[in-house]
Amino acid sequence: MRTLVGIASHVDHPFVGRVERLDHSAGRPARAFVIAHGETHADTELRAVGCTPQSEARRTIDNIEHLELLRERDVVEVHPSGHVIILLSSRSNDNRILLTDRCNCNCIICPQVPPHATESRLALNRAILDFVAPSTETIVITGGEPTTVPEELIEVLALCKCRLPDCRVEILTNGAALEDNRIVRNIAAVGHDGLSFHVPLYSDSSSLHDTITGTRSFYRTLNGLLNLARCDQDIEIRTVVTALNYERLPQLAYFIARNLPFTSHVAFMGLEPIGRAMDNISRVWIEPGETLESLSSALHVLRRAGIASSIYGYQFCVLPERLWQYSRRAISDWKNSFLPVCTSCGLVATCGGFFESQVSHYSRLVRPIRVGGAE
Amino acid sequence: MYTLLPFRFGRLDDGVLVVTDVGEYHFLSPQEFDDFTHARLAADNPLLQDLKGKFIAADTELDSAARFQAVKYRTKKAFLDTSVCLHMVVPTIRCNCGCVYCQVGSHPSGRASRRTDMSLRTAKRVVDVIHQSPERNLKIEFQGGEPLLAFETVAFLVTYSAICAAKTGKQIEYVICTNLTELPDRSLRFLKRHKVAISTSLDGPRNIHDRQRPSLDGSSSYGTFCANLLRARSLIGEDSVSALLTVTKANSPLLTTVIDEYVARGFHSIFIRPINPFGRAVTCDVAHYPADEFTARYLAALDYILEINRNGYRLADEFVRTLLGRILTPFGDAYVDLQSPAGAGRMCALYNYDGNVYASDEGRMLAEMGDPAFLLGNVKRDNFQGIFGNPLVARMATDTVLESYPQCRCCPYLPYCGSDPVRDYVEVHSLGGKDVNPSGCRLMRPIFQHLFRVLRQDDWRTDVFWSWVTGRPLQDIMM
């Protein structure tokens, strides 16, 4: 989730708004809230039309770094701390509902340690859903850990079903709280047709998985997955490839095929060196080239068993050509960045690219690929 | 420290094969096995991690591991929840072929009579009893004789059971086992309309097939077979007919030629079976060969079939496909002839033309030879509960639990294996005697050893295996 930082004034509590360009000639509307005056973009004045009734024009966030990343029609959440979180991006189909800041795991590679400790976010999330365009294809419900506030999760799902019946909803969850089958049954009872659960499983080894999640969660997550399967929910397993777990990817793939055969998709993801992953970078970073043999075997295990799989956050130049068919671009536009060296590459248009944070750590195999011409 | 979870093991060549109750397996060297079982593996040893991932060992959270394994065991043994789902019906015992190894004691075709054919009244009772089964998904399989000689009875059984199914909400699959020599357009259209799958027999090219499966009228059964196979496929669909290969002393040295015939006839699956010691097979010379001879020939044939797949033609060995499903996937299956406890009378039953109900097809074959040991009842006087509540059904179940056989309980292949009480009764004169190996062991053990030798190599042949198990083209499996 992309977060910008500036200096807030007169912001007493978090609220949600849609970004619009300020029209000076029309005067400042009473409900406008100004996010303005990025240091390098003095001429760009954007406002967020707030939805809280007591909005006041005096509230501003100044000196925002990278204000150019904010676009008209983005939906943002503004915090007293000066953080401006882009929840719904007008440029891509990256739409996120941050259900809660709370989490019941403590992953050493967590890319988004929530900066704000708020009370219930339900009111904010209701407001955000009001801004979602009916044509939106996908909404991602994330956190924190959405299942730590099951009642709010169920209310948000019911709102989604009612207001955005054709929009798919992806829940990013560690699955641990879903070991309580009542929660799963209540979620299933909402009857949302386009729901899917995206659950990280880092290893077939309980100790390795638990080392990465920082909690004893392996069996809780497995039981959560079984409960989801019992309620016929769509399940994707997500595995971030780190120095700790890369050697056992084939065993993990076997474990999924054998124990979680109801899994509809497995995603292997390159490490995002951001947040807590950056704090632990020396422990978790592995040269992506070193992981390819293991990754390839894992994909073969899943292919045999007929479970679809994909690779995110690896570039074409890093992957052997036979694995290109598995490479996908992330849905977040800011997860498809490129390096200066990529400008001369012929495959840049379809490459999975880099997570923006990967520009600090990337494979030494990265190089431009020439297409069609003799080299 | 770690704990060993329950497993069976056995030597295979220079390694030790370890298998859990749910069929997960791992190969260890003898030294590794020794270190593992003497708790000498360090916590970070990758081998210990492998064994943990397969629930062969656990270090922490033993309770959680055990509970998870219990879910897997219930999944694997889900067939135990199945009531009688395969209902075999014999509308007539008449046949127009005189197969040298005929196991069912069929009568030469002629006019239907009470001594050869099922009356419509009995047929109605058969369907009524079938519909009393608590199972929602049922399969009705027509056997013979040649069931299409009694087409009117087959048609009645299908249409009446379809009417009952519409009322009870049951789903019924139909299969007809036919030699494909008596197939007028009217019958063919009926089979198509009611989605009746066709299961037939092909024993080889013309000379072999005609010698083993001669027509009673002296014409070539092979010629008629081929012509009707084409008609069935063009009317119903390319995959509408599957075939069974019966191995005799005569065709067993020529199995590659026979398999080539399957490819030439466009079959994509083959079920290769040995002869059971029933009916005419007891006295016929070509039916007598030792089980290990069959197995050796069969395994050579399997290698040949694998090569055919490698060369781009999809041909699945159906028996091996079933075994591999047990070895490679978390699921069990409804294959009734190899279950522990056995499927006879519990998952399947055979309704003979006279209304007698037997625990299995072999049970009726034995009865035709004069020993009605596996007779469960008769539809004319008994209902479902009376027939399947027969104490024999319960006794067969308790007596065929391989886990309770001294010779089987430690066998690494037990989780994939099963027994056939009728065959044991005939061959080793024992039902649940448990003092001798079940008769299937001589057949099955070398097959399992062969499959695990192949799996241990983990090469293209494992890809072919997966293509059979998942029913997908080989190029979708290979990488």
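Biologist: What are the ground rules for the model?

Modeller: The model is predicted, so local features need pLDDT of at least 70 and side-chain atom pairs count only at pLDDT 80 or more, while totals for chains, interfaces and linings use all residues. Residues are numbered from 1 along each chain as its sequence is written, chains are lettered from A and ligands numbered from 1 in the order in which they are written, and side-chain values use heavy atoms, with hydrogens and water left out.

Biologist: Why is B:C95 called buried?

Modeller: Buried means under 20% relative accessible area, exposed means over 50%, and partly exposed lies in between (1.4 Å probe, protein chains only). B:C95 has 9% relative accessibility and therefore counts as buried.

Biologist: What makes the contact of B:R310 with B:E307 a salt bridge?

Modeller: The term requires a side-chain nitrogen of Lys or Arg within 4 Å of a carboxyl oxygen of Asp or Glu. For B:R310 and B:E307 the N to O distance is 3.9 Å, which meets the cut-off. The two residues are three apart in helix α10 (residues 291-310) of chain B, and therefore about one helical turn separates them. Helices here are DSSP runs of H or I with at least four residues, strands are runs of E with at least two, and both are numbered from the N terminus. B:R310, at 44% relative accessibility, is partly exposed, and B:E307, at 34%, is partly exposed.

Biologist: Which class does each partner fall into in the salt bridge of B:E318 with B:R321?

Modeller: The N to O distance in this salt bridge is 2.7 Å. B:E318 has a relative accessible area of 19% and is therefore buried, whereas B:R321, at 29%, is partly exposed. Both residues lie in helix α11 (residues 318-328) of chain B, three residues apart, about one helical turn.

Biologist: What makes B:R395 and B:D399 a salt bridge, and where do they lie?

Modeller: Their side chains meet at 3.2 Å, N to O, which is within the 4 Å limit. They lie four residues apart in helix α14 (residues 391-399) of chain B, about one turn of the helix. B:R395 is partly exposed at 44%, and B:D399 is buried at 14%. Over all chains the count comes to 31 salt bridges.

Biologist: Which residues link the chains in a network of salt bridges?

Modeller: A:D204, A:R248 and B:D50 are linked in such a network. B:D50 is in helix α2 (residues 46-53) of chain B, and its 16% relative accessibility makes B:D50 buried. Leaving out residues up to four places away in sequence, B:D50 touches A:R248, A:Q251 and B:H26, where contact means heavy atoms within 4.5 Å.

Biologist: Why are β2 and β4 of chain B called edge strands?

Modeller: Strands pair if DSSP finds at least two bridges between them. The open sheet has three strands in the order β2-β3-β4 (chain B), with antiparallel pairing. β2 (8-12) and β4 (25-28) each have a single partner strand, so one side of each is left without a neighbour in the sheet. β2(B) pairs with strand β3 (residues 15-19) over five bridges, and B:R8 stands opposite B:V19 in β3(B).

Biologist: How do you know that β15 and β16 of chain B pair?

Modeller: Two bridges join β15 (residues 348-351) to β16 (residues 356-358), which run antiparallel, and at least two is what the rule requires. B:L350 stands opposite B:Y358 in β16(B).
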